[in-house]
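User: I would like a close look at one part of this model, and after that a short account of what else can be said with care.

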Amino acid sequence: MNFFQLLNGATFAALLFVVASGFSLIFGLLRIVNLAHGALYLIGGYLGFSAAMHSGSFVLGAVVAIVAVAAIGYVLDQGLLRFVRGHELREVLLTLGVAFVLNDMALVIWGGDSFTVPIPDALRGGVRIFGVFYPKYRLFVLGAGILIFIALMLLLQRTRLGALIRAGVDDPEMVEASGINIRRVFLLTFVLGSALAGLGGLMGGAFLSLYPSADAEILVFSLAVVIIGGRGSLVGVAIGSLLVGMLNTLGQVMFPELAYFVIFGPMACLLAFRPLGLLGRAA
Amino acid sequence: MTTLETNASTFPVTRQRRSILLLVPVLLLALAVLPLGLSRYHLGLATEMLIYGTLAMSIDILAGFAGRTSLAHGAIFGVSAYVVVYVVSELGLSPILGAILGVIAATLIAALFSLVAIRTSGVYFLLITLALGMIIWGICLRWTDVTGGENGLRGDLRVGILANPRAFYWITLAVAAALSLAMWRLVQSPFGLTLRGIRDSESRMRSLGYSVQTHLFIGFTVSGFFAGAAGVLYAFFNSFVSPTTVALAQSVQGLLMAITGGIGTLFGSFIGSAAILTLQNVVSSYTERWQTVLGLTFILVMIFAPQGLIGLLRSLVQHGRRR
């Protein structure tokens, strides 16, 4: 694996981190496996693409993607999931139904062609680092991923909301007993997690492109990240993203036809020894 | 609540339930004379219902009796169908050999999957089986030399007597009935009772000296065998496989049928399969958006009728009596 491929792996890992961190936050706190997360990624990407195409502004595309998908997350939590609270499997299967509906609706609106979100001029072209010529935009994604990691760490470790989320992951009843409206924390987390999926959709849409089965692919990668890293641990997500990103790049270079296998083989081995992932704790 | 609402009690069938079983020969006879009054199109639909009912039933063995909801069974089913079409049309071997190899392949895949998945339960089990099923999908999509990639594989499997729709229906009915009987015997056996014990309390079964892992491994593998057998029927029925055959939607649809029929009712799977396929058929004549309808049905069933149609009727009846 040369330096160029190493960078490819790292930038893909950064994108995976953005998407999977939202998935893991929701899974960790609300115990909801949101199988519509991939569909939210895809919808975010498509909406961001349309907004960026019409306005010519990448930033506006990002804002639209984040806000719209956060709103969908709000509706999903308040409109549907509230009816099945406390039944883990019913929640998961309901989000699966939502994923099917959203994916099909996206197909109606944007059709089956593949789109690429337009990159702003400042990020076009490439730069030479350590002797390789590398696309600027992918480096930007890497930087953005690291920034989001730092921001989320600060949010979780340094703010009141972060403290509530961490406490909620460990023992939601206890948090509620101390007079906190835990449902509001849950809702905020759900919306935040969804927004991250939307942002990921826009970021990924600019270098992986958007097509009808992109949601399933990113969902499976996110699942692998969270299964490897463990539920509700941000550091676990970062480690999982790096592992999956690197393995995927390695797999595509060495066995292009079996790339999926290269990711899930190690995941299966890991599960045999640590069923809850590297940093996962029993619920 | 980490398992789906199941209709299967911890205890074996009571005498009252046994009397219901006397209806089985009558029902089978009715199903056997059915083709005489059906058009070719509806006969195909009835055949499909039997095939998918068998798949849903194999999912129900795990979901209703072992408390493990699998999203890999569509892929296991599809692997078997792929193997049958590949062996018969690409390698030119006999259909019987294809069928045997298909079932063996599905059973092996299920055994492999279960080694990874049985250590977990609840949502984790669902996630891991989902990811495992997606690997199969990824391989079928990308391994173009063998699987034909997105175009899939086509082969004329319906030769000789199989070409006759009525004969094919009867063969499917006979196979589905035999498989259902086998599955019913399985869940009524001491082995099936142990699975129910594991569903209700793993630690209790462990302290009673049962090997939970071994029972789940065998349960998953056997359930994969049945899914594979359904896949063989599907391969002959459809004569075509593509990544859609192994996609997540296949597992989801199978699970939805099992849930609609009532998790833990086993034979309810055929009611679920008939209900969902009828819905699909009606919807398709109005709109191309079957996937949306499937998703919406899933959402509605999860909110209003997680215990399935039979469970819904039962609770309505009980509600009426209480008044």
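At roughly what angle do the axes of helix α8 and helix α11 of chain B cross?

Analyst: The model is a predicted one, and in it the axes of helix α8 (residues 165-188) of chain B and helix α11 (residues 212-238) of chain B cross at roughly 175 degrees, coming within 11 Å of each other. Because angles over 145 degrees count as roughly antiparallel, α8(B) and α11(B) are described as roughly antiparallel to each other. On the side of α8(B), the contact is made by B:Thr172, B:Val175, B:Leu179, B:Met183 and B:Leu186, while α11(B) brings B:Val222, B:Phe226, B:Ala229 and B:Leu233 to it. Sorted by class, the residues of this contact comprise eight nonpolar and one polar, with no charged residue among them.

Turning to the contact between the chains, 35 residues of chain A are in contact with 34 residues of chain B. On the side of chain A that touches chain B, at least two residues each come from α4 (88-110), α9 (214-229) and α11 (259-273) of chain A, and α4(A) gives the largest share, with 14 residues. That side of chain A has 27 nonpolar residues, along with four polar and four charged ones.

Chain A also holds a pair of strands, β1 (residues 126-129) and β2 (residues 132-135), which run antiparallel and are joined by four bridges. In this pairing, A:Arg128 stands opposite A:Phe133 of β2(A). The two strands form a hairpin with two residues between them, and in the turn A:Phe130 has a positive phi of about 45 degrees.

Conventions:
Residues are numbered from 1 along each chain as its sequence is written. Chains are lettered from A and ligands numbered from 1 in the order in which they are written. This is a predicted model: local features need pLDDT of at least 70, side-chain atom pairs count only at pLDDT 80 or more; totals for chains, interfaces and linings use all residues. Axes are lines fitted to C-alpha atoms, for helices over the stretch in contact, and angles run from 0 to 180 degrees between N-to-C directions. Angles under 35 degrees count as roughly parallel, over 145 as roughly antiparallel, 65 to 115 as roughly perpendicular and the rest as oblique. Two residues are in contact if their C-beta atoms, placed from the backbone, lie within 7 Å. Ala, Val, Leu, Ile, Met, Phe, Trp, Tyr, Cys and Pro count as nonpolar, Asp, Glu, Lys and Arg as charged, and the others, Gly among them, as polar. Two strands pair if DSSP finds at least two bridges between them.
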